[in-house]
Amino acid sequence: LQYKFAHVLKIPVRGKAMFSFGKTMHNALHSFALAFASGNKPGFKELLAIYEKEWLDEWYESPEQKKDYFESGKKTLKSFYKVFLKIKPKILLVSGKPALEQDFNLKIGSHTLIGKIDRIDDLDGGVEIIDYKTGSAKEKLRPEDKKQLLIYQMAAQEVLGLKPKKLTYYYLDEGKTISFLGGKEDIKKEKEKIIKEIRQIKKSDFAPTPGWQCQWCDFKGICEYANKRPTP
């Protein structure tokens, strides 16, 4: 139903500070990693300069909120830079270019999924697929949390001809990572779920599924099915 509101009825929603900040961080890390992979070896001052250049000054509710996000971003980048410098990742080259914001067109059945992978690192005997996240780190991934990286694993294997050995969510704010790797059965089940969801969209089957996710939905104020119980 949320999909229907957003993509079929196209109900406009107000932008959020977290989205503006998240895009800023992704763009800054992409530019930094690209410079690093190209052999420029930028220092922390250069990373901060990139951050300031990439800063998106949108959707912040007040100057105070904007300042808090900006300062938080600098602390996050300092932690990221220390780890990056320590491990010195080897960013994979695909067709001679660093695998950053790597495009893919993935066929699933008769359908095509289009996406981008934040970063792919070269490991011994395979690759690590990394997706940056702003916000709190998860202690444990639910099945629905794994969907994004499982799709990336499929794309890496079937489109790019790579051998994923590790799928990693990198929670930037806390400098934490959580990793896993999908097995053959995981991939099979995910493909079946994706095809089912696409069929439901094509049939305009937008049956509501109220629950914990309602508290984060942009349309909870107008949805008659919204689960508005307070968070425990």
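Glu101 is partly exposed in this predicted model, at 24% relative accessibility. The cut-off for buried is under 20%, so 24% does not qualify Glu101 as buried. Glu101 sits in strand E3, which covers residues 100-108. Its backbone stands out too: phi is positive, about 50 degrees, although Glu101 is not a glycine.

Ser95 also has a positive phi, near 55 degrees, and it too is a residue other than glycine. Ser95 lies in the loop between strand E1 (93-94) and strand E2 (97-98). Is Ser95 buried or exposed? Ser95 is exposed, with a relative accessible area of 76%. The cut-off for exposed is over 50%, so Ser95 falls in that class because its value is 76%.

Now turn to the helices. Helix H3 spans residues 44-54, and helix H4 spans residues 63-87. Their axes come within 11 Å and cross at roughly 145 degrees. The crossing is right-handed. Which residues make the contact? From H3 come Phe44, Leu47, Leu48, Tyr51 and Glu52. H4 supplies Tyr69, Phe70, Gly73, Lys74, Leu77, Lys78 and Tyr81.

Leu9 lies in the loop between helix H1 (2-8) and helix H2 (17-37). Leu9 is partly exposed, with a relative accessible area of 48%. Exposed requires over 50%, so Leu9 stays in the partly exposed class at 48%.

Key
Residues are numbered from 1 along each chain as its sequence is written. This is a predicted model: local features need pLDDT of at least 70, side-chain atom pairs count only at pLDDT 80 or more; totals for chains, interfaces and linings use all residues. Side-chain values use heavy atoms; hydrogens and water are left out. Helices (H or I, at least four residues) and strands (E, at least two) are DSSP runs, numbered from the N terminus. Buried means under 20% relative accessible area, exposed over 50%, partly exposed in between (1.4 Å probe, protein chains only). Axes are lines fitted to C-alpha atoms, for helices over the stretch in contact, and angles run from 0 to 180 degrees between N-to-C directions. A crossing is left-handed if the near helix is turned anticlockwise from the far one by less than a right angle, and right-handed if clockwise. Contact means heavy atoms within 4.5 Å.
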